[in-house]
Each structure stands twice: as C-alpha cells, then as structure tokens.
Amino acid sequence: MATVRRNPNRIKQGSVAVDIILYAIALVICLITLYPFYFVIIMSISSPSEVAAMNVFWFPKGFFLGSYELIVRDTKMWWAYSNTLIYVGAGTLLNCLTAVLGAYPLTVRNLKGRKWVVTFLLIPMYFGGGLIPSYLLINKLGMYNTMFAVIIPGMVSIWNIILVRTFFTTIPEGLKESAFIDGASHLQLLFRVILPISKPILAVIAIYSIVGIWNSWFDALVYLPNEKLHPLQMYLYRVVVQQSVDLKMLSLEDTKNAVANMLSNIQLKYAIIVFTTLPVIFTYPFFQKYFIKGALLGSLKE
Amino acid sequence: MRANIQPRKRSSYRLRENMQLYLIMLPVLIHIFIFSYIPMYGIIIAFQDYYPGKPFFSFHESVHWVGFQHFIDFFNGPYFGRLMRNTFLLSFYFLVFGFWIPILFALLLNELKSGIFKKYVQTASYLPHFISNVVVAGMVLSFINTDGIVNAIVKLFGGTPVALNTEPGYFPAIYTITSIWKSFGWSSILYLAAMSSVDPHLYEAAKMDGANRFKQMLHITLPSIRPTIFILLIFAIGNLLSANSEFILLIYNPMVYETADVIGTYLYRDGLLGGNFSMGTAVGLFISVINFTLLYIANSLSRKYSDYALW
C-alpha cells in the first residue's frame with residue numbers, strides 16, 4: 001500500500017535522479033571530511049619505503065607497525081598523557097560542581113538581588129580583560145608554571161552555569177516543596193533531590209569539559225614553560241608543529257634496531273597523531289547525542 | 001494565632017535562606033570576580049607604562065600614566081596596516097566562502113531519505129570539530145610540505161611542486177579551506193534542528209498544491225531556518241575582526257607573516273613573549289572595542305530590517 005502511494009509521487013517529481021545526485025554529493029562530502037584522517041592512518045602503517053616515495057594514496061602499501069612500536073616506548077608521551085588525565089579529571093569535576101553551585105541559587109525565586117547576580121555573570125560573557133592582564137594575574141597569584149594555572153582559571157564556566165540553570169527551572173516546584181516540608185535545607189535539597197535527576201545535563205557539561213580540556217593547548221603554551229607539566233596536546237605541538245622534539249631520537253637509544261632507523265619522521269608524526277587521536281575518534285560517536293544536546297540547549301539562550 | 005506568628009518567623013527565615021543560598025554560590029562568585037573582573041580592571045595598564053616589578057594594577061604614584069600613547073604608537077607602527085588587513089581578510093574569506101556551506105549542507109541532509117545514511121554523513125561531518133587544533137595543524141602542515149600529499153598530487157598531474165608553506169600568497173586559502181573543513185558539519189546543527197521542527201503537514205499541503213521538491217525547499221524549509229541564518233550572520237559579522245588566532249599561531253611561520261600575521265598572533269608574540277605588556281593590553285582593548293561595535297551595528301541593522309536580534 002505504502003509503495004503504491006509513494007511511487008507515483010516520485011516519478012512525477014523526477015525524484016529518483018535527484019535522489020541519486022543528492023546521495024552522490026553527500027558521499028563526496030563524507031570523503032572530503034574523512035580522507036585526511038584516513039590518509040594519516042594508512043601512511044602510519046605502510047612500509048617506510050613506500051611512505052618515503054609518497055606512493056600511498058588509497059590503500060596502505062605494505063604493512064609495518066614499527067613506528068607504533070617506537071611511539072609506545074616514548075616516555076615523554078606517556079608522561080604528557082598522564083598530565084592530560086589529571087587536567088581532564090580535575091577540570092571536569094570542578095566544572096560540574098561549580099556549574100551546579102552557581103546555578104541552583106539562581107533558580108530560587110525569592111533570592112534577594114538575583115538580578116544583580118545574573119548581571120554579574122553576564123558581563124564577562126561579552127567583555128574580558130584579555131590575554132595579558134590574565135597572564136599578569138596568574139603570575140601574581142603564584143600559579144605560573146604550576147598545574148593550577150591550567151586547572152583553576154578554567155574551573156568555572158558561566159556558560160555551563162546558564163545551561164544548568166535552564167535545566168533546573170524545568171524541575172517541578174512540587175518536588176522542591178515536598179523536600180522543604182520534610183525539613184530539608186537548600187544544600188540537602190540540591191544534593192539529595194535535584195542532583196540525582198540532573199544527570200542528563202551533567203553528562204552534557206562533563207562531555208564538553210572532557211573534550212575541551214583534552215584538546216586545549218594554548219593555556220599550557222602561555223603558562224607552563226616546564227615540559228614536565230605539559231598536557232598531551234602541548235607535547236604534540238612540540239612534535240608536529242614546532243618540531244622541537246625529534247621522535248627519531250627514540251630509535252637512537254637502541255641503534256641495534258635497524259628497522260627503527262629506516263623510519264621517516266613523517267611516519268612517526270602520523271603514528272603519534274593517530275595514537276593520541278584515536279581515543280577521541282572512537283568514543284565520540286557514542287557521545288555525539290550529548291554534544292548535539294549541548295549545542296541546541298546553548299542556542300536557546302543566544 | 002497562625003497569622004500572628006508567621007510574618008516574623010518568615011522574615012528571619014527568609015534572611016537565613018538567602019544567606020544559605022549566597023553561601024552556596026560564594027565560591028563561584030569569588031572565582032568569577034578574581035579571574036574575570038580583576039583582568040578587566042587590569043586593562044588600565046594599557047594607559048600606563050607598565051613593566052613587571054612595578055606595582056600591580058595600581059594607582060600608586062610610581063605608576064607612569066601615558067594616556068593613549070600606546071594606541072597612537074600602535075596605529076603609527078609599521079605593522080598596523082598589515083595586521084588590520086590580515087585580521088579582516090582572513091575572517092572575511094571565512095565568512096564569504098564558509099557561511100553558506102553549512103546551510104547548503106543542512107538542506108542537502110534534509111533531502112536525504114535514508115535515515116541511517118543521513119546519520120552516518122552527519123557523524124562524519126562533525127568529526128573534525130572534535131579533533132584538536134594541534135592535530136589538525138600538524139596534519140595540514142605535513143600535507144602542504146614540499147614533499148607532502150598536496151604536492152604529490154600536483155606532481156601526479158605533471159605540475160611542479162609549490163612551496164605552499166613558505167609562499168605568503170597561499171596562506172589565506174590554506175587557512176580558509178581548513179577552517180571550513182573543520183567547522184561546516186558542526187555549524188549545520190542549528191539549521192538542522194530548525195528544519196526538524198517544521199510541521200510535516202506543510203509539506204503535505206505543498207505537495208497537494210503541486211509544489212515540487214525544489215519549491216518545497218525554497219518556500220518551506222528555507223523560511224524555517226531564516227531566523228537561525230540571521231542570528232548566525234550577526235555573530236559572524238560581529239566576529240569580522242577576530243580571526244582564529246589560536247589556530248593561525250599553529251600553522252603560520254615567519255615567512256608568511258605578510259598574509260598570516262593577525263592582531264591576536266601579534267599580541268601573543270610582541271605583547272606577551274616580547275614583554276610589551278602595556279602595548280599588548282592596548283592592542284587587545286582596541287580589538288575588543290571594535291568587535292563589540294561591529295556586533296552592536298550588525299544587531300541593530302538586523303533588528304531594523306528583519307526583526308531578529310540578539311538583544
């Protein structure tokens with residue numbers, strides 16, 4: 001029945017040809033988006049001689065994991081990895097906590113001076129002191145070249161506070177009132193009643209924080225001259241952009257390993273890019289819905 | 001009895017309640033005061049001759065006030081024209097070549113009938129948004145290298161390799177293409193959301209009236225995203241002088257400063273690394289005032305001519 005109804009419509013409108021063209025365009029767009037990643041991956045696993053000759057375009061030529069063997073022995077990379085885990089863990093927890101603490105009081109209707117607090121929060125969204133005053137402040141606070149310089153300034157996001165506040169206002173008043181009748185204080189209400197049902201919005205904030213902190217490098221560039229404190233992205237910056245770290249030095253540690261010496265720099269760089277980006281590529285499709293939710297929630301306030 | 005007690009009880013309760021709520025917020029408010037408001041106050045060093053070791057952000061008598069001297073020096077400096085031009089052009093190219101792509105992409109996705117296929121295309125197109133700037137920069141730099149893939153393709157077609165990374169003429173194209181590639185999928189989300197809220201009956205009615213798919217798109221889908229287009233356009237115009245300096249910092253090099261150096265990168269290099277803190281702050285203030293003015297103008301124009309406005 002359904003086909004009978006759909007078909008005449010389609011033929012009349014010449015939709016089949018149009019559909020084919022649309023699908024083809026969509027496929028080409030996919031190809032353009034994904035090919036650079038694909039290229040980096042196949043280059044990193046092809047045999048070094050083919051890579052050096054730039055013969056790899058569509059499929060890996062030869063198969064060689066030597067560059068990965070070298071990368072996983074890079075202690076500096078693992079060090080940076082663990083730093084990133086610290087920054088991501090601490091930053092995400094603090095972001096969620098401060099968003100909840102900042103948002104809840106703003107949802108209480110008879111809070112005195114609420115308008116002033118909201119204005120106080122909105123102004124920094126449009127104006128800022130800029131890079132240098134912040135830099136001087138961090139220095140003055142003694143945070144320069146410590147992990148705090150990367151964690152503390154970013155632990156409050158006004159944007160997140162607004163998102164959480166919007167979510168909190170959708171919670172039925174009756175739920176709050178019944179808690180008050182039971183003699184709960186605001187803090188008890190917040191942590192015992194509201195937080196357990198706020199998981200969806202907390203998931204959105206947590207995921208935005210995780211990806212944001214995982215990808216950030218500029219704060220480290222400005223505030224952390226000490227390489228021991230560098231997050232992963234900053235280490236990558238030194239390897240693939242600044243080129244101040246030569247991964248081939250890793251192979252010099254055991255010159256007996258002749259294979260390692262054949263490796264080209266480019267292959268090592270691609271291997272480290274793949275190795276550090278795979279966690280994001282593999283996990284992101286699962287978290288995609290939270291990202292989209294966040295983007296849409298955010299747009300409501302725009 | 002009840003009426004007698006309650007007013008007094010309530011007012012003291014109110015006070016306690018307010019105290020409690022402010023205590024909950026206090027850490028956040030203090031943090032925002034320190035890390036957002038103190039730097040704003042710190043802008044006053046743009047009007048001083050500040051250098052490290054001097055009293056911090058103060059009105060102490062040893063502070064040397066210079067008025068607008070740093071602004072005047074910057075305007076008359078050798079790089080002012082180049083910085084303004086590059087900052088404007090790089091944002092302008094991104095606006096002109098990049099703004100309509102997410103719209104077309106969303107329209108395309110909206111026309112795809114297979115739900116699964118559409119979902120895969122969407123997922124793929126969002127991916128670059130989640131890849132760090134450093135990784136994207138590393139990839140781009142290796143692609144445009146003299147022995148990178150771009151030149152390998154050029155050679156394949158019999159051309160001669162080009163020094164893409166050292167020739168200033170290519171930088172705007174490299175920056176614009178990469179920025180569009182990174183952002184077009186994610187930017188289409190708001191359009192898609194607006195499209196999905198269109199009442200399906202509208203399409204049915206249009207079909208009855210004999211409108212073909214193109215006409216349906218033109219008269220139903222496109223009007224449904226018009227507010228979104230306007231608002232995002234306001235934002236884009238408000239950002240006309242804020243090229244993505246964090247990304248430029250990653251892919252430029254001294255040989256392409258002629259077309260790549262923007263106010264943000266100059267501010268980092270000369271202001272922060274060079275230790276010209278007062279000058280750097282002045283430059284930062286100058287650019288944020290211009291950006292806010294642009295946003296204000298765009299918003300007023302939009303409200304006047306289209307009823308869509310941010311405030």
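## Salt bridges

A:Glu173 is partly exposed, with a relative accessible area of 34% (buried means under 20% relative accessible area, exposed over 50%, and partly exposed in between, with a 1.4 Å probe and protein chains only). This is a predicted model, in which local features need pLDDT of at least 70, side-chain atom pairs count only at pLDDT 80 or more, and totals for chains, interfaces and linings use all residues. Residues are numbered from 1 along each chain as its sequence is written, chains are lettered from A and ligands numbered from 1 in the order in which they are written, and side-chain values use heavy atoms, with hydrogens and water left out.

- Side chains of opposite charge can pair when their charged atoms come close.
- Over all chains, the count comes to nine salt bridges (a side-chain nitrogen of Lys or Arg within 4 Å of a carboxyl oxygen of Asp or Glu).
- A:Glu173 forms a salt bridge with A:Lys176, at 3.5 Å from N to O; A:Lys176 counts as buried, at 8% relative accessibility.
- Both of these residues, A:Glu173 and A:Lys176, lie in helix α10 (residues 173-181) of chain A, three residues apart, about one turn of the helix. Helices (H or I, at least four residues) and strands (E, at least two) are DSSP runs, numbered from the N terminus.
- In chain B, a salt bridge joins B:Glu111 and B:Arg213, whose closest N and O atoms are 3.0 Å apart.
- That pair links distant parts of the chain, with B:Glu111 in helix α4 (residues 100-111) of chain B and B:Arg213 in helix α11 (residues 213-224) of chain B, 102 residues apart.
- B:Glu111 and B:Arg213 are both buried.

## The surroundings of B:Arg269

- B:Arg269 meets B:Asp261 in a salt bridge (2.8 Å, N to O).
- B:Arg269 is partly exposed, at a relative accessible area of 23%, whereas B:Asp261 is buried, at 0%.
- A network of salt bridges links B:Arg82, B:Arg85, B:Glu258, B:Asp261 and B:Arg269.
- B:Arg269 also lies over the face of B:Tyr257, at 4.1 Å from the ring centre (a charge sits over a ring if NZ of Lys or CZ of Arg is within 6 Å of the ring centre and within 35 degrees of the ring normal).

## Aromatic rings

- The whole structure holds 43 aromatic pairs over all chains. Rings of Phe, Tyr and Trp (its six-membered ring) pair if their centres lie within 6.5 Å; planes under 30 degrees apart count as stacked, over 60 as edge-to-face and the rest as tilted.
- One of them is the edge-to-face pair of A:Tyr135 and A:Tyr144, with 5.8 Å centre to centre and 80° between the planes.
- A:Tyr135 is buried, with a relative accessible area of 13%, while A:Tyr144 is partly exposed, at 29%.
- B:Phe74 and B:Phe286 have ring centres 6.1 Å apart and planes at 65°, so their pair is edge-to-face.
- This pair links distant parts of the chain: B:Phe74 is in helix α2 (residues 69-76) of chain B and B:Phe286 in helix α16 (residues 277-306) of chain B, 212 residues apart.
- Both B:Phe74 and B:Phe286 are buried.
- Ring pairs also join A:Tyr35, A:Tyr38, A:Phe39, A:Trp58, A:Tyr270 and B:Phe143 into a cluster.
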